[in-house]
Amino acid sequence: MKKAPREEPKEDLTVTPPKTWAAGVPAVVHALEYSLEQTSPRETAVDLLTMNQVGGIDCPGCAWADPAPGHRHRNEYCENGAKHINDEATTRRITREFFREHPVSELARRSDLWLNQQGRLTEPMVKRPGSDHYEPVSWRDALQLLAGELKALASPDEAAFYTSGRVSNEAAFVLQLFARAFGTNNLPDCSNMCHESSGFALHETLGTGKGTVSLEDLHHADLIFLVGQNPGTNHPRQLSALEEAKLNGARIVAVNTLPEAGLMRFKNPQKPRGVVGQGIQIADRFLHIRPGGDLALFQGLNRLLLEAEDARPGEVLAREFIESDTSGFEEFAEHARQVGWEDVLAATGLTRAEIEAVRDDVLRSERVIVCWAMGVTQHKHAVPTIREIVNFLLLRGNLGRAGAGACPVRGHSNVQGDRTVGIWEQMPDHFLDALRDEFGFEPPRPHGLDSVNTVKAMHEGRVKVFLGVAGNFVRAAPDSEFTEAAMGRCRLTAHVSTKLNRSHTVCGETALILPTLGRTEKDLQAGGEQFVTVENSMSEVHTSHGKLKPASPLLLSEVAILSRLARHTLGTTPDLPWEEFEAHYGAIRDRISRIVPGLHDYNRRVIRPGGIRLPNPVNEGVYPTATGKAVFTRNSWEMPQVPDGHLLLQTLRSHDQWNTIPYTLNDRYRGIHGSRQVVLVNPDDLTALGLAEGDRVDLVSVWDGGVERRAEGFQVVGYPASRGSAAAYYPETQVLVPLDSVADISNQPTSKGILVRLEPTG
């Protein structure tokens, strides 16, 4: 067993020039170095050689799709996936002695990095009222305590049940079934904070909240847009797909506020040209856009396409497709022609020539895909932006056919699958009807609380019990101080987790830590060894089989924890097969198969190599919208307003990080080493603000009513950010995101559009 560090790493910033390419041999070296720091060479080999293979461990990191069986590399993983899986498989352990040594008040002062590096949780722990220490508790007593608090609530709606994308389909289905049998739709999840805007926009315009493309489509597109995303850090295996697309003749347009290494060039370490050669250029065009300017960009492009059709009638737009498969075109076209170029150029920071050059790329391309991520979704006008992207795709018929479509890139491995099997506070009636018919109870119908509204409800005392299944809610949620105060007002907080994180240190009156198996570990139940299933960004559902010995004999699987909690809480009212679910996950999949369209015959089909591709109605020419057709929309022009002396801040991850957890203090692609307390600002903006490289500042966000939020002690780094913007690491800057600063319609936090000033600290 490896000892965990007991001292905080000292911050000592060194800045080097940003990288102009991603991956290559350094990625392999860093992945192996980190893996071997965490676990043994044998376990590292088991993890990496089975990762993303048929019958192996699905990467618990991002949700990027796997190549078809027979086309996967022996090393089908990226640097960050290797770090993530071996971070979970670490041989470091947290025991009851650790909690005796470290009171909660001390742990609350520790960094996210330090907490994570202490290792795997090994037994259930409870912090009782008035105590400053967690202490051991049996599983039976822990679950009875939680069940007792739930049963004592005046209403089921006084509880909230949160999940992250680490949760499998089976565990997610059991959780939502338990919550609804208990009587609430309070099912906030991490999607509320990352791609909720995508879901709302796509549902309205196409009738489905999911992307429409496959990996094969990407390989054969003529033109691919990468908008508001950083594949080199957040979903690195996408670079392999982009490499193949480029080799097949595709052009790529990157649209971002930062010139990220993964947008520039990719050196594939699995191929000779990536080891000794120059690799492959990714972006043929890089549009250095201002934050929040994507709506204006696509409005400008759409106006140009309409004008091109005017000049060459019948040669530009997909007239037959528009007439047969869409509604609202004439109203959209009238609105789009009124978009002013002065507004477009002001919002984007681009020249008209740059946008017209992209228009020319589009006109030369038969098959176009638009990929986007949180650089689009975490803005106030995110939903209109994505609706405008759909308008752009509809104009030339780039939906429902090979090599074309919409591609929202999800950032966590099963966040899409969780939604498929019922983790949403607003599940439609047809799902709830199917749940009723299958299990014989009436699920609650009123919409529940999403993540933002859960924080508000806890703060107001309307939610008294919070159960988090995976994730790190207090660090993922916005407005950190408010969120932590809200969590502290709960009667009981409980977290199902593999490792220690900040959420365990922000306790209700009573707090529980319920340690669970990792995805890397064997899952033995009464029915034998079990596997779980997950869904990736491209609607493919496949298996994941743990390979390693569990970190502790006292760990339970997520399914076992939730099934036992349901029995303790509900008894036989309603009478549901919780024991059967715990013993054999195939029984869960049988029930899912009769509730979720496309997952029929789930158990037989999912074990086939490649698993199940869920149908997307758009690709069948079906649009479950209000009109029965794809919907053109009219979207009001918007751009963030930034007063003099202020910048628009976006939060982002470092390259050595996954979700809320940093692995080191480095971000080598951006040239940041030894510290995360940095703010990246364009040198011209620094001059205009009277600041210099290396200055110490506090970041102060300003919100309605003059309320200020402050992140202290940041060092200024001159960086090629777009003018008027700044960037700093998440979750340290979540404190700056006002809880009420959310996207219109979707209620998603606006973590990429925070108005700040930089206040020198002397």
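**View 1. Ser214 and what it touches.** Not counting residues up to four places away in sequence, Ser214 touches Met538 and Arg613; a contact here means heavy atoms within 4.5 Å. This is a predicted model, where local features need pLDDT of at least 70, side-chain atom pairs count only at pLDDT 80 or more, and totals for chains, interfaces and linings use all residues. Residues are numbered from 1 along each chain as its sequence is written, and side-chain values use heavy atoms, with hydrogens and water left out. Ser214 sits in the loop between H9 and helix H10 (215-219); helices (H or I, at least four residues) and strands (E, at least two) are DSSP runs, numbered from the N terminus. With a relative accessible area of 10%, Ser214 is buried. The cut-offs are under 20% relative accessible area for buried, over 50% for exposed, and partly exposed in between (1.4 Å probe, protein chains only).

**View 2. Helix H9 under its cover.** Helix H9 spans residues 196-206 and is mostly covered, with 8 of its 11 residues buried. Those buried residues are Glu196, Ser197, Ser198, Gly199, Ala201, Leu202, Thr205 and Leu206. What lies over them? The cover for the buried residues of H9 includes strands S14 (368-372), S15 (405-408) and S24 (630-631). Helices H20 (374-377), H21 (382-395) and H22 (415-420) are also included in that cover.

View 3. Asn169 belongs to helix H8 (residues 169-182). Is Asn169 buried or exposed? Its relative accessible area is 1%, so Asn169 counts as buried.

**View 4. Arg128 in its loop.** Look for Arg128 in the loop between strand S5 (125-127) and strand S6 (135-136). Arg128 is partly exposed, with a relative accessible area of 35%. Not counting residues up to four places away in sequence, Arg128 touches Glu135, Val137 and Glu509. Glu11 is 117 residues from Arg128 along the chain, and their C-alpha atoms are separated by 35 Å.

**View 5. Helix H15 from end to end.** Helix H15 (residues 294-311) has 18 residues and reaches 26 Å from its first C-alpha to its last. That is close to the 26 Å expected at 1.5 Å a residue, where the expected span is 1.5 Å times one less than the number of residues. H15 is mostly covered, with 15 of its 18 residues buried.

**View 6. Stepping back to the whole chain.** The protein chain has 31 helices and 33 strands. Its radius of gyration is 25 Å, close to the 27 Å that the globule rule gives for 762 residues, so the chain is as compact as a globular protein of that length. The radius is taken over C-alpha atoms, and the rule is 2.2 Å times the number of residues to the power 0.38. Buried residues make up 65% of the 762 residues.
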